[in-house]
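Welcome! Open the structure in your viewer and keep the selection tool at hand.

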Amino acid sequence: MAQSSINGRAAPLDAAIAEAATLIGKSRLTVVAGLGADIAGARAAIGLADRIGGVVDHMHSAVLLRDLDVMREHGIMLTTPGEARRRGDVVLLVGDSLAEAGLTEIWPDLRAHVLAPPAATQTRRRIIWLCADKTARRGLQSLGPGLGVDVEMMTAEPEALPTLIGALRARVNGRPAALPARRLRALDALAAALQSATFGVAVWSATSLDALAIEMLCGLVKDLNAKTRFTGLPLAPGDNAVGVLQACGWMTGFPPRTGFARGFPEHDPWTFDADRLIESGEADCALWISAYQALAPRWRRPIPLIALADAGAKFTREPAVRIAVGRPGVDHDSVDYCARMATLASSPASAARATPTVAQVIAKLVAALGDDAGPAPC
C-alpha cells in the first residue's frame with residue numbers, strides 16, 4: 001500500500017500534506033480525533049487544534065472520563081501496579097472486561113505485573129473476581145494457570161453488577177441488603193474477606209463500569225480503610241490514552257474533549273464529543289490519528305477525512321487524504337504511558353522503518369497551513 005494517497009490514489013507525501021492543509025483551511029470546524037499517538041504526536045495534534053480553532057478528542061475519552069469524573073467529584077485512592085503486586089494479599093477484580101479478551105486489549109501483562117505474587121516474597125494472595133458475565137469463566141482459564149493461586153469468582157448479570165457493588169458496600173458497613181439468602185451469604189463472606197486484608201487492591205476497567213458503579217466501588221475502598229488498608233488500581237485503556245490525557249492536561253489544563261474555537265481551551269464532554277460533532281454535522285472536517293493500531297472511525301456520516309494511521313487500517317469510505325505513520329516504540333523511538341510503571345517512559349524502536357511519525361506529519365501540515373491558519377468564519 002502507498003505511504004500516502006489522495007482520494008484513494010497514491011500521491012507524494014508533500015502533495016498529500018498540501019491537500020490536507022487545503023481541506024482544513026476550508027473547514028468551519030475540524031475535529032482532531034482518535035489521537036492514538038505518542039507524547040510527541042499528541043502535543044503536535046493538540047497544538048494544531050489550538051492553532052486552527054478545532055477540537056481534540058481521544059478514541060477512549062468516554063472510558064477516561066468515567067474514572068476522571070469520579071476522581072474530580074469524589075476522590076479515588078490509588079496505588080501503582082508494583083505496589084499491588086508486592087504488597088496485595090487480597091485482590092478484588094471487578095467487571096467482565098477483565099476476561100480473556102479484555103486482558104488482551106487492555107493490558108496483556110496484568111497477570112505478570114499485578115496478579116502473580118513475586119517469587120522473592122512470602123505474600124499469600126487471595127484473588128476474588130466480582131464479574132458481570134458468566135461467560136467470563138473462559139477468561140478464567142487463561143488467567144488462573146501459572147498464578148500459583150486460585151481465582152474465586154462471583155458472577156452476576158451485567159445489569160446487576162452496580163447493585164451488587166452497592167450491596168457489598170452496605171454489608172461491609174453492617175447495613176441490610178435486600179438480596180436472596182444464598183446471595184447474601186456469599187456477599188457477607190466476600191465482605192469478611194475484604195475486611196481481613198492487610199493490603200487490599202480493587203482492580204477495574206472503566207470499559208465495562210459506568211461512572212456510578214466506579215463511584216460506588218471507590219466508596220467501598222474508602223469504607224474498607226476504616227478497618228484495614230485498601231486501595232484501587234484502574235486499568236488504563238490502550239492507544240496511549242493516559243499519556244494523551246496527561247499531555248492535554250499540561251498543555252490546556254483540561255482532558256480531551258476540549259475545543260479552541262473561541263481562542264482559548266474549553267472542556268465539555270458532551271459539546272466536544274467527536275462522534276457527536278461529526279454525526280450532527282457541526283464538524284465538517286476530521287483528522288483521524290491511530291498510530292498504535294490499524295483502527296478506523298465508525299462514523300456513519302460522510303465527512304472529509306484526513307487519516308494518519310497504520311497502513312493496515314480499513315476504512316468504510318476512502319479518506320480524502322491518507323498518510324501511513326509509524327507505530328510508536330516499534331517503527332520509531334517514543335515516549336508514552338507505561339502501564340507497568342504507571343508513568344511516562346521512553347520506548348526505543350524495536351524494528352525501525354522509514355515511516356514518518358505523527359509529530360513529523362503534523363509539523364509539515366502546520367507549515368503548509370501558513371501563518372493565517374484559523375477557523376473559517378461562520
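This is a predicted model: local features need pLDDT of at least 70, side-chain atom pairs count only at pLDDT 80 or more; totals for chains, interfaces and linings use all residues.

**Stop 1**

Begin by selecting Trp288 and Trp299. A search of the whole structure finds one aromatic pair, and here it is: the ring centres are 5.7 Å apart and the planes stand at 90°, so the pair is edge-to-face. Trp288 sits in strand E12 (residues 285-290), while Trp299 belongs to the loop between E12 and strand E13 (305-309), eleven residues apart. Are these two residues buried or exposed? Both Trp288 and Trp299 are buried.

**Stop 2: an arginine over a ring**

Now select Trp270 together with Arg276. Arg276 lies over the face of Trp270, 3.9 Å from the ring centre.

**Stop 3**

Side chains of opposite charge can pair when their charged atoms come close. Twelve salt bridges turn up in a search of the whole structure. For one of them, select Asp57 and Arg257, whose closest N and O atoms are 3.3 Å apart. Asp57 is in the loop between strand E4 (55-56) and H3, and Arg257 is in the loop between H11 and strand E10 (258-259), so this pair ties together parts that are 200 residues apart in sequence. Asp57 is buried, at 3% relative accessible area, and Arg257 is buried as well, at 12%.

**Stop 4: two bridges in one helix**

Move on to helix H4 (residues 81-87) and select Glu83, Arg86 and Arg87. Glu83 meets Arg86 in a salt bridge of 2.9 Å, N to O, and meets Arg87 in another of 3.2 Å. Arg86 and Glu83 are three residues apart, about one helical turn; Arg87 and Glu83 are four residues apart, also about one helical turn. Arg87 is partly exposed, with a relative accessible area of 37%.

**Stop 5**

Select Met71, Leu78, Pro234, Val242 and Tyr337, the closest to its centre of the 23 lining residues. Helix H3 (61-73), strand E9 (230-234) and helix H11 (241-252) each give two or more residues to the lining. Which element gives the most? H3 does, with five residues. By class, the lining has 19 nonpolar, three polar and one charged residues.

**Stop 6: an exposed alanine**

Finish at Ala367 in helix H13 (residues 358-369). Ala367 counts as exposed, at 60% relative accessibility. Select Ala18 too: the C-alpha atoms of Ala367 and Ala18 are separated by 9.7 Å, although the residues are 349 apart along the chain.

Conventions
Residues are numbered from 1 along each chain as its sequence is written. Side-chain values use heavy atoms; hydrogens and water are left out. Rings of Phe, Tyr and Trp (its six-membered ring) pair if their centres lie within 6.5 Å; planes under 30 degrees apart count as stacked, over 60 as edge-to-face and the rest as tilted. Buried means under 20% relative accessible area, exposed over 50%, partly exposed in between (1.4 Å probe, protein chains only). A charge sits over a ring if NZ of Lys or CZ of Arg is within 6 Å of the ring centre and within 35 degrees of the ring normal. On a 1 Å grid over the protein atoms alone, a cavity is a set of points where a 1.4 Å probe fits but cannot get out, and a pocket is an open set with protein on both sides within 12 Å along at least five of seven lines; lining residues have an atom within 4 Å of a point. Ala, Val, Leu, Ile, Met, Phe, Trp, Tyr, Cys and Pro count as nonpolar, Asp, Glu, Lys and Arg as charged, and the others, Gly among them, as polar. A salt bridge is a side-chain nitrogen of Lys or Arg within 4 Å of a carboxyl oxygen of Asp or Glu.
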